[in-house]
Amino acid sequence: IAFQMKEVFLPLASRPDPVTILFPWIKRKYLVVISTNSADFFEDILLKNLPFNAQVGIIGHELGHSLYYQDKSALKMAKMAYDYQYNSDYVTPFERDTDKRAIAHGLGYQLYNFAVHARKSFGMSEKEIDEERGDTYLSPGEIAEEMAKYDFYQDNWVLDSIRQIYFPR
């Protein structure tokens, strides 16, 4: 997996290295592209502007994509790329499953931090964030629900601490 820093529209993206897409999956390389500059809309969620835990969370999400791609054939990868670009019914389950993969690998707190930070950056209120469900990515509430499925997430005070950072009382 290689990390590339360059100016692109999306803050982060993960994909197979096009040069290696036809290689056997075991020899394929993957790219995580990190934007150094983007549209004003995304400025607050560029990696360089995120708190450390949120950085870990979004990188974990992107690595979750690489993990998923790992054993897929070139034909399957081409179909996934096509579906992601042209099939709106494909994107949401694909991204939500990637969030779940990051949570299953122990990055739930960090992904939660990113989810709250991103929504605050886009102007959502605490109430709107609490009520949100079913977007392209898991909401903070859905992340907490997914984390509850795993025994290793027992410290709910961490989620409360993250909320206090963004919504001090």
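Is Phe94 buried or exposed? Phe94 is buried, with a relative accessible area of 10%; buried means under 20% relative accessible area, exposed means over 50%, and partly exposed lies in between (1.4 Å probe, protein chains only). This is a predicted model, in which local features need pLDDT of at least 70 and side-chain atom pairs count only at pLDDT 80 or more, while totals for chains, interfaces and linings use all residues. Residues are numbered from 1 along each chain as its sequence is written, and side-chain values use heavy atoms, with hydrogens and water left out.

**The overall picture**

- The protein has six helices and three strands, where helices (H or I, at least four residues) and strands (E, at least two) are DSSP runs numbered from the N terminus.
- Along the principal axes, the C-alpha atoms fill a box of roughly 55 × 40 × 30 Å.
- Of the 169 residues, 43% count as buried.
- The protein exposes about 9,600 Å², and carbon and sulfur atoms supply 56% of that area. Accessible areas come from the Shrake-Rupley method with a 1.4 Å probe; for residues, only the protein chains shown count as cover.
- Among contacts with a separation of 6 or more, 70% come from residues 24 or more positions apart; contact means heavy atoms within 4.5 Å.

**Aromatic rings**

- Rings of Phe, Tyr and Trp (its six-membered ring) pair if their centres lie within 6.5 Å; planes under 30 degrees apart count as stacked, over 60 as edge-to-face and the rest as tilted.
- By this rule the protein has 14 aromatic pairs.
- Tyr68 and Phe94 form an edge-to-face pair, because their ring centres are 5.8 Å apart and their planes stand at 75°. This pair links distant parts of the chain, with Tyr68 in helix 1 (residues 52-69) and Phe94 in helix 3, 26 residues apart.
- Tyr68 is partly exposed, at a relative accessible area of 25%.
- Tyr82 and Tyr86 make a tilted pair, since their ring centres lie 5.0 Å apart with planes at 45°. Both belong to helix 2 (residues 74-86), four residues apart, about one turn of the helix.
- Tyr86 counts as exposed, at 59% relative accessibility.
- Ring pairs also link Tyr30, Tyr68, Tyr69, Tyr84, Tyr90 and Phe94 into a cluster.
- The charged end of Lys72 sits over the ring of Tyr68, 4.0 Å from its centre. For this label, NZ of Lys or CZ of Arg must be within 6 Å of the ring centre and within 35 degrees of the ring normal.

- Val158, Leu159, Ile162, Arg163 and Tyr166 are the buried residues of helix 6 (residues 156-166). They lie on the same side of the helix because they cover an arc of only 140° around the axis, judged by the directions from the helix axis to the C-beta atoms.
- These buried residues pack against helix 3 (88-121), helix 4 (126-131) and helix 5 (140-147).
- Tyr109 is found in helix 3 and is buried, with a relative accessible area of 15%.
- Leaving aside residues up to four places away in sequence, Tyr109 touches several residues, including Val158, Leu159 and Ile162.
- Tyr109 and Val158 are 49 residues apart in sequence, yet 7.3 Å apart in space, C-alpha to C-alpha.
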